[in-house]
Amino acid sequence: MKKLMILLAATVVGFAANAAAYSWSASNGRLFDGQGSTTANRYAGTGYLFNAATVSQAEILAAFASDSVASKLTSTLATGTFSAGRASVSDEFTGPDANFTAYFVVFGQDGSGNDAIYISDTTTGEYAAVGQGAVEFGQQNAYSSVGFKDVAAGYAGAGWYAAVPEPTSGLLLLLGMAGLALRRRRA
Amino acid sequence: MGYAQQDTAASGFAMLSAQFESVGVVDGSAKLSDLTIGGYDAYDPVEDEGGTSGSFRIQFLTASGTMEAQYFWYDDDEKTGWFDKDGISADNVVLGAAKGLWVRGAGLSMTSAGAVNESDIVVPTASSGFKAVGNTFPLNVKLSQLAVTGYDPYDPVEDEGGTSGSFRVQFLTASGTMEAQYFWYDDDEKTGWFDKDGIASGNVTIPAGTGVWVRGGGLTVRIPAPEL
């Protein structure tokens with residue numbers, strides 16, 4: 001019972017320390033590949049809002065490269081869906097009781113069907129003691145020098161990063177077995 | 001008939017209000033469609049760029065300061081006007097007389113259009129909690145012009161009645177914290193508006209088209225119509 005009470009108290013403290021309501025949007029965040037604004041050049045995928053103090057952009061990029069993105073998604077503040085390059089609007093979430101720095105990531109596919117990631121520049125999540133705070137990414141495309149932009153060299157110089165080709169699981173298993181066989185022969 | 005424009009800060013929130021009533025009404029109310037937003041690059045259908053989608057938003061507040069409803073301004077390739085978070089048109093949402101609007105404008109401007117309300121506005125308040133009250137007239141109003149009523153007048157013989165600070169107005173910062181606070185007194189010591197140090201504050205101004213965060217204690221406040 002005591003443990004339950006402590007857990008309950010910890011939960012209440014957690015909520016109290018992290019109880020501000022926000023709406024967020026990348027409402028006009030049309031993500032293009034820089035080759036024109038046709039629908040074919042727009043990207044689709046799922047967008048995630050991250051608190052930069054919790055997970056850095058570099059960590060997200062590294063996770064993408066190592067195919068371990070799922071481990072980072074547990075710390076997202078909010079998610080949204082990009083359809084033909086346009087984000088959903090004004091989803092709501094609970095966040096810090098103070099201004100914070102946030103950025104926006106889209107995991108999706110490029111025009112060729114390759115896995116791709118888009119990482120935005122950071123922006124301020126504006127806390128409001130009255131009403132609902134806001135986190136907002138304005139109208140930018142991938143080639144814009146403002147807002148959405150590179151954090152490292154990437155696809156077409158834009159904010160998109162094609163996945164690094166990785167050995168398949170079967171190939172990895174084969175290499176492992178070959179290593180074991182070699183070791184046994186030497187022994 | 002007239003219109004007036006207010007610029008918003010580059011970041012954060014502001015307590016604003018419509019400055020005119022809708023044409024054809026006489027109750028001081030307006031609609032969201034009486035408010036238009038500017039200050040951004042117009043949408044260019046050729047380049048498929050410009051316009052704005054939801055960066056200007058208006059929130060209605062509850063008595064505890066949480067958001068009750070929120071409406072977004074759109075002007076892009078898909079739609080123009082006011083919409084709620086589900087994309088439903090909100091142009092016909094009514095803003096009651098003296099409605100304070102908690103606005104996030106991101107460096108844009110809000111233009112209010114309509115007819116000048118020529119009647120005083122009486123705003124009742126709840127016994128607990130706050131209310132967003134706007135100066136919905138196109139002229140500034142001083143605190144000394146606001147009449148607070150709804151309590152028993154002070155009786156010097158019985159030494160009872162009156163009110164001492166239960167009605168207060170707060171000016172909010174861009175993050176919603178209190179910037180300044182003024183109290184209404186009508187007791188055996190003083191009558192009028194005072195700050196927390198007891199300094200007379202009747203000359204403090206609520207600019208046209210802005211609002212204050214009011215704790216009313218069940219009293220009412222009358223905002224006088226401008227003398228035209």
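Q: Why is B:Asp159 called exposed in this predicted model?
A: Count its neighbours: B:Asp159 has 10 C-beta neighbours inside 10 Å. A residue is exposed if that count is 12 or fewer, so B:Asp159 counts as exposed.

Q: Where is B:Asp159 along chain B?
A: Look in the loop between strand S14 (147-149) and strand S15 (163-172) of chain B. B:Asp159 also has a positive phi of about 55°, although it is not a glycine.

Q: What makes B:Ala98 buried or exposed?
A: Again it comes down to the count: 25 other C-beta atoms lie within 10 Å of B:Ala98. The mark for buried is 20 or more, so B:Ala98 is buried. As for its backbone, B:Ala98 has a positive phi of about 65° and is not a glycine. You'll find B:Ala98 in the loop between strand S8 (94-95) and S9 of chain B.

Q: How do you know whether B:Ser17 is buried or exposed?
A: B:Ser17 has 28 C-beta neighbours inside 10 Å. Since 20 or more is enough to be buried, B:Ser17 counts as buried. B:Ser17 sits in the loop between S2 and strand S3 (30-31) of chain B.

Q: Which residues does B:Ser17 touch, leaving out those up to four places away in sequence?
A: Among them are B:Lys99, B:Gly100 and B:Leu101, along with B:Asn135, B:Thr136 and B:Thr210. Contact here asks for C-beta atoms within 7 Å. As for B:Leu219, its C-alpha atom is separated from that of B:Ser17 by 21 Å, and the two residues are 202 apart along the chain.

Q: What makes up the two domains of chain B, and how do you know whether they touch?
A: The domain assignment gives domain 1 (2-114) and domain 2 (121-223). Their C-alpha centres lie 27 Å apart, and 26 residues of domain 1 are in contact with 24 residues of domain 2. On the domain 1 side, S2(B) gives the largest share, 4 residues. By class, that side has 14 nonpolar, 11 polar and 1 charged residues.

Q: How many residues does each chain bring to the contact between chain A and chain B?
A: Chain B brings 27 residues and chain A brings 20 residues. On the chain B side, strand S5 (52-61), strand S6 (67-75) and S9 each supply at least two residues. S5(B) gives the most there, with 6 residues.

Q: What classes of residue make up the side of chain B that touches chain A?
A: That side divides into 8 nonpolar, 14 polar and 5 charged residues.

Key: Residues numbered from 1 in each chain as written. Chains lettered and ligands numbered in written order. Predicted model: local features only at pLDDT ≥ 70, side-chain atom pairs only at ≥ 80, totals over all residues. Domains from an automatic or database assignment. Nonpolar A, V, L, I, M, F, W, Y, C, P; charged D, E, K, R; others polar.
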